Amino acid sequence: MSTTETSALAVQAATSATGRRFSPLASAKLKQNLRWTSWAPAVITFVIAAALWQITAIANPYVIPTIDQVWMSLIKDADTYWANMLVTSLEVVVGASSGILAGFILAIIMAEFQIMERAIMPLVVVVMVTPIVAIAPALVVAFGFGMTPKFIVTALVVFFPMLVNSLAGLRDVDDRALDVMKTLHASRWEIFRDLRFTGSMPYVFAGLRIALPLAIVGAAVAEFVAAGQQAGLGSLVTIAAAQANLPVTWASIALLCLMGVILISLLALVRERVLWWSDGAAVGR
Amino acid sequence: METAQPHAGVYIEDVSKSFGPEGARTLVLNHVSLSIKMGEFVSVIGPSGCGKSTLLKTVAGLIEADSGTVKVDGMTVKAATKNKMIGLVPQSPALLPWRTVLDNVRLPMTVNPKANANRNLRDPREILESFGLGAALDKYPGQLSGGMQQRVAIARAFVFDPSVLLMDEPFSALDEMNRDAQRLGLLDFWQSNRKAVMFVTHSVPEAIMLSDRIVVMGAHPGHIAEIIDVPLPRPRTIDVYATDEFRDLEGRVRETLREVMGQKSA
Ligand SMILES: Nc1ncnc2c1ncn2[C@@H]1O[C@H](COP(=O)(O)OP(=O)(O)OP(=O)(O)O)[C@@H](O)[C@H]1O
Ligand SMILES: [Mg+2]
């Protein structure tokens, strides 16, 4: 009995010793491995895509530029690109935040007062089914070539997904939690404050996930139609394309793309901070 | 004459309720009368769909009866909810996942604070500790087991000192061993905090273990088929299960349930 006991203890000691010695290294390795398997496939895809691009570009010099041409253009005219990117970013930030805010606030009003939904929703739908590409020139005529029409177009594009998603989120409360609140005679405000507001966040973030990339689309489209005044990456694209300047065209497109990636990454960061409590099962990410 | 004097606890008289659109209404509660005295523990048992939850929701003020009277401590249900006299434990814990356990239990204090005056509000910490959740105060619901979550939900219903507790199958999602522990915990706590309790359940042993009386409901339409007294002495412990009285009662309740179910199929 004592022998088995001591041997068991010895084994335990041995494993804990080896564990102590090797486990940090092993776990670090494991983590690295995990990271590798999660990153590698995407990286490989990008490398292959870049290679294919490069091959195509070399074979067809008048269709697409090579990657190094684009890169050279970015370096050479960095100041111009930077200035234009700032303009587009401003449009996206101002337009998107007002569209988001307006969508969320209107969703709150509609969620709290059914009659407001019945009154306003049809109009919203009519506006939303009108192609934004068609509205944009009209807005430019109305508001001139300044920033205003660009803010409006961007806000409009963002507004609808925010409204619809927020409304769904504010409505989708846990019925049983709502029952508990009602037996406490909670006021509407208290139900909103304690239940609906935070409870709607998974939907709000699902809405943002759709809305933010759209904001860039909105800003670019608004710039396309108001290209007379050269400002923003969108107008850079149209002007360069009209001159068949491939490197500038594609450099601008690449920067628009970069903006989208940055926005989505920021969103993912914020989402993690705000929605740590949500398992994400209820709403698709 | 009973209506004339204020009735502590729950008083249900001749309540009927039907659902559905005009012309295609189905009667769910048919002239139901029941009173639960202050400090009395009453279970409601019956086949699925017989209207147990509907009855409970009528008392909770979540559903309005078509006819009949419901009073809580002699007040209308509306007045009773205004005064926060009703504690509700729903079938799922329904905790707010973004709030800590402690903040979940504080919720009833922060809601409708006007009704907090002149009452014996409990210390949320203390009540959670007495529920064996002292180590979980700052945890989030997602970090707790199902049984612990349900105990938090019960603490949330007790904390603001309501006079009536309504529980709709609070333990139905738990495994049998866990359920037993939860039942005993609830009994223990209730023993020193005698409220009028209406407890909906599907489990015969649970009903017997907890209750002073068992209301057996039948369906189509929902009605009270029989009310069975449970004269087992209190405080009850797990040993009750092994007594002859318990087995006799279990036989009686099951027999009544069989009769009720038979009616349904006949
Ligand atoms: N809001 C409602 N609208 C229409 N019908 C309803 C509504 N609530 C309940 N019912 C119907 O009333 C009947 C009784 O429902 P209830 O939930 O009270 O039954 P129950 O006894 O609690 O059943 P279970 O044991 O399954 O929980 C069911 O047939 C149900 O379909
Ligand atoms: Mg039910």
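Reply: A polar contact is a pair of N or O atoms within 3.5 Å; within protein, one must be able to donate a hydrogen and the other to accept it, and sequence-adjacent residues count only through two side-chain atoms. The model is predicted; local features need pLDDT of at least 70, side-chain atom pairs need 80 or more, totals for chains, interfaces and linings use all residues, and side-chain values use heavy atoms, without hydrogens or water. Residues are numbered from 1 along each chain as written, with chains lettered from A and ligands numbered from 1 in the order written.

Thr54(B) places a polar side-chain atom 2.5 Å from a ligand oxygen. For His202(B), the side-chain N or O atom is 3.0 Å from an oxygen atom of ligand 1. The protein covers 57% of the 630 Å² of accessible area (Shrake-Rupley, 1.4 Å probe) that ligand 1 has on its own.

The shell (heavy atoms within 4 Å) also includes Ser48(B), Gly49(B), Cys50(B), Gly51(B) and Ser53(B). Helices here are DSSP runs (H or I) of at least four residues, and strands (E) of at least two. By class, the shell has six polar residues, three nonpolar and two charged. Gly counts as polar and Cys as nonpolar.

Now the side of chain B that touches chain A. Contact (heavy atoms within 4.5 Å) takes 25 residues from chain B and 19 residues from chain A. The two chains bury about 1900 Å² between them, 69% of it on carbon and sulfur atoms. That area is the accessible area lost on joining (1.4 Å probe), summed over both parts. In chain B, Leu62(B), Trp98(B) and Val111(B) lose the most, together 30% of what that side buries.

The rule finds one salt bridge across the interface. Arg99(B) forms it with Asp194(A), with the closest N and O atoms 3.2 Å apart; the rule asks for a Lys or Arg side-chain nitrogen within 4 Å of an Asp or Glu carboxyl oxygen. Five residue pairs are in polar contact across this interface. On the side of chain B, α1 (52-60), α2 (77-82), β6 (86-89) and α3 (101-110) each give two or more residues. The largest share, three residues, comes from α3(B). This side divides into 15 nonpolar, five polar and five charged residues.
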